[in-house]
Amino acid sequence: MKIVIVEHITDSGLRILQDSGHEVQYDPELWADRERLEEAAASAQALIVRNQARVDASLLAEMEKRTVIGRLGVGLDNIDLDEAKRRGIAVIRAKNANASSVAEYVLAAIFTFTRPLLAASDDVKAGNWDRKRFGGHEVAGKTLGLIGVGEIGHRTAVRAKALGMKVVGSDPQLSAYDFAAAESGIRLAAMEEVLQNSDFISLHVPLLPETKGLIHQAAIEQMQPHAVLINTSRGGVVDEQALYEALLHKRIAGAMLDVLSAEPPDPNHPLLSLKNCIITPHVAGLTEEANHRTSTLVASELLKELQGVRSLCRVV
């Protein structure tokens, strides 16, 4: 069988596939050439992507030898799941493989805003010694609000609680006795309460029609003036114009965004001009360790599907 990998995979994951005896075509830039991508898909039993390739109805139609698509990550908004299901194409993802890395990113974001150590260092190197300006704040006793309490939210909560933070979460799919809440010490509440009572608000929801623009102007207006918004989910979950206006006029204190509605952003994107908005290039789940786990998990589970064994990581 032929496996086509159109975005980056680690050497460890690639070796698993190459040692399987299947034909493997690896071109990490293939996702950007639509014509070649469709040609490759037409001859493949398995296609492996990250978040750049658009696996839409037209690409799925090219998969005449349809078997399985592997997603090197957890987000699925670039894959037409309904069409894949209709055509009998299995879709697997790297279930929980990068959850710890994203949780650590959230804590790094919190510390970035509470203890501005790099700014303090730059100020010292400029000849100053301003102890009052750079004392910062403790995170103990502060409230972390989670919008979405899945595996990443659970791991984030465990780490935040260890630092002495209070954690409140909103997730309509959970009850107070579900594992994430009961074992992580997360107090479940309505989204409005989370927005109103949190010092830091971290987003952990997939991009779906019902979550698109979830954090809109009215939602942002419910946040406290000192609150910080952290988004490691998908850019489309946040109304970026509304966020820009809120940050510009200091209606909230800051934002740490690892994702944007368009990636990379237009150089003139208004959020890029704000000092109280920190933007990183979609790296929250991209540590070396997470990349290794993601690649080896998807490679191993994809081979199971090719052998006719249903993967525990299958979505459809």
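Gln-224 touches Leu-195, Gln-196, Asn-197, Ser-198, Arg-251 and Ile-252, leaving out residues up to four places away in sequence. Contact here means heavy atoms within 4.5 Å. The model is predicted: local features need pLDDT of at least 70, side-chain atom pairs count only at pLDDT 80 or more, and totals for chains, interfaces and linings use all residues. Numbering starts from 1 along each chain as its sequence is written, and side-chain values use heavy atoms, with hydrogens and water left out.

Gln-224 sits in the loop between helix H10 and strand S10. Helices (H or I, at least four residues) and strands (E, at least two) are DSSP runs, numbered from the N terminus. Gln-224 and Ser-198 are 26 residues apart along the chain, yet their C-alpha atoms are separated by 7.4 Å. At 22% relative accessibility, Gln-224 counts as partly exposed. The scale is simple: buried is under 20% relative accessible area, exposed is over 50%, and partly exposed is in between (1.4 Å probe, protein chains only).

Next comes Arg-234, in the loop between strand S10 (228–231) and H11. Arg-234 counts as buried, because its relative accessibility is 13%. Leaving aside neighbours within four places in sequence, Arg-234 is in contact with Arg-71, Gly-75, Asp-77, Leu-207, Val-259 and His-282.

Now the empty space. Rolling a probe the size of a water molecule over the atoms shows where such space is left. The search uses a 1 Å grid over the protein atoms alone; a cavity is a set of points where a 1.4 Å probe fits but cannot get out, a pocket is an open set with protein on both sides within 12 Å along at least five of seven lines, and lining residues have an atom within 4 Å of a point. Grid points are joined across faces, edges and corners, and a volume is the space filled by probe spheres set on the points.

The structure holds one cavity of 30 Å³ or more. The largest cavity has a volume of about 30 Å³. Its lining is made of Gln-217, Ile-220, Glu-221, Ala-242, Glu-245, Ala-246 and Arg-251. Helix H10 (217–221) and helix H11 (240–248) are the elements that give two or more residues to this lining. By class, the lining has three nonpolar, one polar and three charged residues. Ala, Val, Leu, Ile, Met, Phe, Trp, Tyr, Cys and Pro count as nonpolar, Asp, Glu, Lys and Arg as charged, and the others, Gly among them, as polar.

The second largest pocket has a volume of about 550 Å³. Of its 16 lining residues, Thr-112, Phe-113, Thr-114, Pro-116 and Ala-253 are the closest to its centre. Helix H5 (residues 99–114) gives the most to the lining, with three residues. Six lining residues are nonpolar, six polar and four charged.

Turn to helix H2 (residues 34–42). Its buried residues are Leu-37, Ala-40 and Ala-41. Seen down the axis of H2, they fall within an arc of 100°, so they line one face of the helix. The arc is that of the directions from the helix axis to the C-beta atoms. On the other side of H2, Glu-35 and Glu-39 are exposed. The cover over the buried residues includes strand S1 (2–5), strand S2 (23–26) and helix H3 (57–62).

Last, Asp-130 lies in the loop between helix H6 (117–125) and strand S6 (143–147). Asp-130 is partly exposed, at a relative accessible area of 34%.
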